[in-house]
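Hi everyone, thanks for making time. I'd like to walk you through one protein chain, a piece at a time, so please have a look at it with me.

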Amino acid sequence: FTNGEIAVNGSPVFMDKVSAVGGFNPKPGKGTNQAKYNKGYESGVDSIYFPTDLSLIFDVADDSAGRYYDVPDIWVTLDPGNPAVAGDGKAYISTSKGGPIYDTVSLNSGFNGVLMGDSSVHVQGTLDGQLTIASGAGSIFVEDDILMEQDPRVNKNSKDLLGLVAENSVVVVDNP
């Protein structure tokens, strides 16, 4: 879902229904939008209220609120931890693709569930827990699959939940 317009280039696969207030650019099946919408798509839906100031969801002055990274880009790799233990996932933060780990965040203890980068944020991996990833002044790039350790489509008791909040756009990168 987006309150704006979804721009699609290539042939990504959307497993669930995709909806947009502002529609699709280009329209599904036309031009560069060769996406597969497994459960359909809808445009012209009602908007959902989101805060216009990201500081409302993340107070950078309060270190206990979450993690804020004041670097040009961050790369977030989600790790599911032990498959037999729910909610023990981790997020590994790097400042470049394939670079050394800059920070490690456990998603199950003393953490409110918000990671925010100052600029571009790149994300991939398997989530085990609840997490919101935000970009304060840039876009979020989904670099590869994002999976849930406990797939909520299969396991109705799954508590895995991911929010992606960007000042600009959330971009699903077309990867082979």
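Let's start with E42 and K17, which form a salt bridge whose closest N and O atoms are 2.9 Å apart. By salt bridge I mean a side-chain nitrogen of Lys or Arg within 4 Å of a carboxyl oxygen of Asp or Glu. E42 sits in strand β6, residues 41-43, and K17 in the loop between β2 (13-14) and β3 (18-20), so this pair ties together parts that are 25 residues apart in sequence. Strands here are DSSP runs of E with at least two residues, helices are runs of H or I with at least four, and both are numbered from the N terminus.

Before I go on, a word on where this comes from: it is a predicted model, in which local features need pLDDT of at least 70 and side-chain atom pairs count only at pLDDT 80 or more, while totals for chains, interfaces and linings use all residues. Residues are numbered from 1 along each chain as its sequence is written, and side-chain values use heavy atoms, with hydrogens and water left out.

The cut-offs are under 20% relative accessible area for buried, over 50% for exposed, and partly exposed in between, with a 1.4 Å probe and protein chains only.

How many salt bridges does the count come to? Three. Another one joins D103 and R67, with the closest N and O atoms 2.7 Å apart. D103 belongs to strand β10 (residues 101-106) and R67 to strand β7 (residues 67-69), so here the linked parts are 36 residues apart in sequence. R67 is partly exposed, at 30% relative accessibility. Then there is R153 with D151, whose side chains meet at 2.8 Å, N to O. R153 is partly exposed at 43%, and D151 is partly exposed as well, at 23%. As a reminder, side chains of opposite charge can pair when their charged atoms come close.

Now let's step back to the whole chain. What does the secondary structure come to? Zero helices and 16 strands. There are 176 residues, and 34% of them are buried. The chain exposes about 10,100 Å², of which carbon and sulfur atoms supply 49%; that area comes from the Shrake-Rupley method with a 1.4 Å probe, and for residues only the protein chains shown count as cover. For contacts, meaning heavy atoms within 4.5 Å, take those between residues at least 6 apart in sequence: 47% of them join residues at least 24 apart.

On to the inside. A nonpolar core is a set of buried Ala, Val, Leu, Ile, Met, Phe, Trp, Tyr and Cys residues joined through side-chain atoms within 4.5 Å. Which members of the largest one touch the most other members? They are V76, L115, L131 and I133, out of 19 residues. At least two residues of this core come from each of β8 (73-79), β9 (90-94), β12 (120-127), β13 (130-135) and β14 (140-148). If you click on I133 and ignore neighbours within four places in sequence, its contacts include V76, L115, V121, I140 and L164. There is also a second, separate core of seven residues, with V8, V18, A20 and F24 among them.

A few single residues deserve a stop. S139, in the loop between β13 and β14, is buried at 12% relative accessibility. A polar atom of the S139 side chain lies 3.3 Å from the backbone nitrogen of S169. Beyond four places in sequence, S139 touches S119, S120, V121, A166, N168 and S169.

V71 is in the loop between β7 and β8 and is buried too, with a relative accessible area of 16%. Its C-alpha atom is 7.2 Å from that of G117, although the two residues are 46 apart along the chain. Past its neighbours within four places, V71 is in contact with T95, Y102, D118 and S119.

S19, in strand β3, is buried at 15%. Its contacts beyond four places bring us back to where we began, including E42 as well as F1, T2 and I6.

One last stop: the peptide bond from N25 to P26 is cis, with omega near -10°. You'll find P26 in the loop between β4 (24-25) and β5 (36-37).

Notes:
Polar contact = N/O pair within 3.5 Å; in protein donor to acceptor, adjacent residues only side chain to side chain.
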